[in-house]
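Have a look at the structure first, and then I'll walk you through a few spots in it.

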Amino acid sequence: MRLIGILLLFLSTGVLTSCVDEDEFPDTPEGNLDALWRIIDEHYCFLDYKHEAYGLDWDEVRAKYRQRVDDAMSKAQLFEVLADMLSELRDGHVNLSAAHDYARYWSWHEDFPTNYSDSLIRRYLGTDYRIAAGIDYRVLDDNTGYIRYDDFTNGIGEGNLDEVMMHLMPCSGLIIDIRSNGGGLLTNAEKLAARFCNETTLVGHYQHKTGPGHSDFSDMEERYLDPAAGIRWQKPVVVLTNRHVFSAANEFVMYMKELPRVTIVGDRTGGGAGMPFNSSLPNGWSVRFSAVPMYDARCNSCEFGIEPDHHVDMTDEDFARGKDTIIEYARTLIRNS
């Protein structure tokens, strides 16, 4: 696949590191706040984008939170202040880590309907479903193929995918359910998407930060997906999404939207379109943040998610009947295709 090697790293864990100048920022509450603010100011990749999206003013954020720190505060109190400051970025890839706690921003999915039920999925999969590495799969009773891939940190091999494709080949169509998949290895997302790709396809773009300014970026660079060498699917495909689809799973949806015979059904994805980067504060705490912005094939940011082709929410009535509204909608699309 013709994707730049650096993008084949985890999208759900930081892998690059940096640190601030400890001589410039003392290990005090104010010094650690200033160090954190500077790290984000110079290296975070979405400050301009989020200023346009919801009015984020990073200078105002610094003034607001600096009023909350003083030398008498405990480390727990300082951690709370710094975590609150980072939450202003509204980014699930932004975390603060200390020995006693881990700050996270989860409103990207917690503030929305779940649109997923483990108990219902067990009904659809039954007890005799097949397992190929990180994928659960079976043929549903209407001859629709069903794949459940809930975590892209769980690897999948080309041989596994050949077996899955071969088993589901007689089906009239295929449902790929990645709801509540929070990301993982981008290579796994690409490997699966390549099974639905028949020619080298432009699937997105990316940039690198080139300086400390909020707008200091390289030119857009293209990202391509190549067809898999193994068995490729040629029938209708429906990808199921909800707000908990994030990071590498969000990228998978972005790829699939560029491929033929693919329909996205469910809720908007959670986003997470920046590759994480790690840095550290004078007191040793670690901060993770988005550093490399990624875009779709038309250079649009997917940081706040991707809209489905058909927006469908699960209903209480269907749940009471033991039916998954989103799966049933996908089956209808496949029958009518």
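By class, seven nonpolar, five polar and six charged residues make up the lining of the largest pocket. Keep in mind that this is a predicted model. The volume of that pocket is about 250 Å³. Of the 18 residues that line the pocket, R90, Y105, W108, F112 and F304 lie nearest its centre. Two helices, α2 (47–54) and α5 (107–110), each supply at least two residues of the lining.

Okay, on to the aromatic rings. How many aromatic pairs are there? The count comes to ten. Take W108 and F246: their ring centres are 4.0 Å apart and the planes sit at 20°, so this pair is stacked. W108 is in helix α5, while F246 is in the loop between β10 and α9, so the pair ties together parts that are 138 residues apart in sequence. Both W108 and F246 are buried.

Y149 and F152 make an edge-to-face pair, with 4.7 Å from centre to centre and 70° between the planes. These two, Y149 and F152, are buried as well.

Last stop, helix α7, residues 158–168. Which of its residues are buried? They're L161, V164, M165 and L168. Looking down the axis of α7, you'd see them fall within an arc of 95°, so they line one face of the helix. Those buried residues pack against β4, β5, β6, β7 and α8. On the face turned away from the buried side, α7 carries the exposed residues E163 and M166.

Terms used:
Residues are numbered from 1 along each chain as its sequence is written. This is a predicted model: local features need pLDDT of at least 70, side-chain atom pairs count only at pLDDT 80 or more; totals for chains, interfaces and linings use all residues. Side-chain values use heavy atoms; hydrogens and water are left out. On a 1 Å grid over the protein atoms alone, a cavity is a set of points where a 1.4 Å probe fits but cannot get out, and a pocket is an open set with protein on both sides within 12 Å along at least five of seven lines; lining residues have an atom within 4 Å of a point. Grid points are joined across faces, edges and corners, and a volume is the space filled by probe spheres set on the points. Helices (H or I, at least four residues) and strands (E, at least two) are DSSP runs, numbered from the N terminus. Ala, Val, Leu, Ile, Met, Phe, Trp, Tyr, Cys and Pro count as nonpolar, Asp, Glu, Lys and Arg as charged, and the others, Gly among them, as polar. Buried means under 20% relative accessible area, exposed over 50%, partly exposed in between (1.4 Å probe, protein chains only). The arc is that of the directions from the helix axis to the C-beta atoms. Contact means heavy atoms within 4.5 Å. Rings of Phe, Tyr and Trp (its six-membered ring) pair if their centres lie within 6.5 Å; planes under 30 degrees apart count as stacked, over 60 as edge-to-face and the rest as tilted.
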